[in-house]
Amino acid sequence: DSFKDESAGTVFIYAPHEKKFIFINPTIKALTGWSQEKFMKEFPRLVARGYPEWEEAMQKIKNMRECALRLAILNRANQPRPLDCYLGMITKGPFTG
């Protein structure tokens, strides 16, 4: 619930072994114009720049525990919106992967 109420930034929870998002907080709509469901479903198509880096980070994070990258996400107006991503592994609780 605390992730859902986070408003200072967008929080994603991504399951690398399933290669899909399992959660994203509502701030994504203000950032991109996309609903949470649409963003999670269409993520690879919405990444205008940085998808190979995303895939690489998903591999690295297993050993490094955290890393950063920059993506450009297409907003509803089909314009790229820069997104700085800070990735980390959740090591405790229901989202442990």
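Student: How do the residues lining the second largest pocket divide into nonpolar, polar and charged?

Tutor: This is a predicted model. In it, the lining of the second largest pocket has five nonpolar residues, one polar and three charged.

Student: Which residues are they?

Tutor: The lining consists of Y14, P16, K19, Y51, W54, E55, M58, Q59 and K62.

Student: Which helix gives the most to that lining?

Tutor: Helix α3, residues 51-64, contributes six residues to the lining, the most of any element.

Student: And how much space lies in the pocket?

Tutor: The second largest pocket holds about 200 Å³.

Student: K19 is in that lining. Where does K19 sit in the hairpin?

Tutor: K19 is in the turn of the hairpin formed by β1 and β2, and has a positive phi of about 55°. Four residues lie between the two strands.

Student: In which sense do β1 and β2 pair, parallel or antiparallel?

Tutor: Antiparallel, over four bridges, with β1 covering residues 12-15. A15 stands opposite K20 in β2.

Student: Switching to aromatics. How many aromatic pairs are there in the whole structure?

Tutor: A search of the whole structure gives 10 aromatic pairs. One of them is F21 with F43, an edge-to-face pair at 4.8 Å centre to centre and 80° between the planes.

Student: Why does that count as edge-to-face?

Tutor: Because planes over 60 degrees apart count as edge-to-face, and the planes of F21 and F43 are 80° apart.

Student: Are they buried or exposed?

Tutor: F21 is buried, with a relative accessible area of 6%. F43 is buried too, at 2% relative accessibility.

Student: Which residues form the aromatic cluster?

Tutor: F12, Y14, F21, F39, F43, Y51 and W54 form one cluster. Y14, Y51 and W54 are also among the residues that line the second largest pocket.

Student: New topic, T27. Which helix is it in?

Tutor: T27 lies in helix α1, residues 27-32.

Student: Is T27 buried or exposed, and why?

Tutor: T27 is buried, because its relative accessible area is 18% and the cut-off for buried is under 20%.

Student: What joins the side chains of T27 and T10?

Tutor: A polar contact of 2.8 Å joins them.

Student: And how far apart are T27 and G9?

Tutor: T27 and G9 are 6.7 Å apart in space, C-alpha to C-alpha, and 18 residues apart in sequence.

Terms used: Residues are numbered from 1 along each chain as its sequence is written. This is a predicted model: local features need pLDDT of at least 70, side-chain atom pairs count only at pLDDT 80 or more; totals for chains, interfaces and linings use all residues. Side-chain values use heavy atoms; hydrogens and water are left out. Rings of Phe, Tyr and Trp (its six-membered ring) pair if their centres lie within 6.5 Å; planes under 30 degrees apart count as stacked, over 60 as edge-to-face and the rest as tilted. Buried means under 20% relative accessible area, exposed over 50%, partly exposed in between (1.4 Å probe, protein chains only). On a 1 Å grid over the protein atoms alone, a cavity is a set of points where a 1.4 Å probe fits but cannot get out, and a pocket is an open set with protein on both sides within 12 Å along at least five of seven lines; lining residues have an atom within 4 Å of a point. Grid points are joined across faces, edges and corners, and a volume is the space filled by probe spheres set on the points. Ala, Val, Leu, Ile, Met, Phe, Trp, Tyr, Cys and Pro count as nonpolar, Asp, Glu, Lys and Arg as charged, and the others, Gly among them, as polar. A polar contact is a pair of N or O atoms within 3.5 Å; within protein, one must be able to donate a hydrogen and the other to accept it, and residues adjacent in sequence count only if both atoms are side-chain atoms. Two strands pair if DSSP finds at least two bridges between them.
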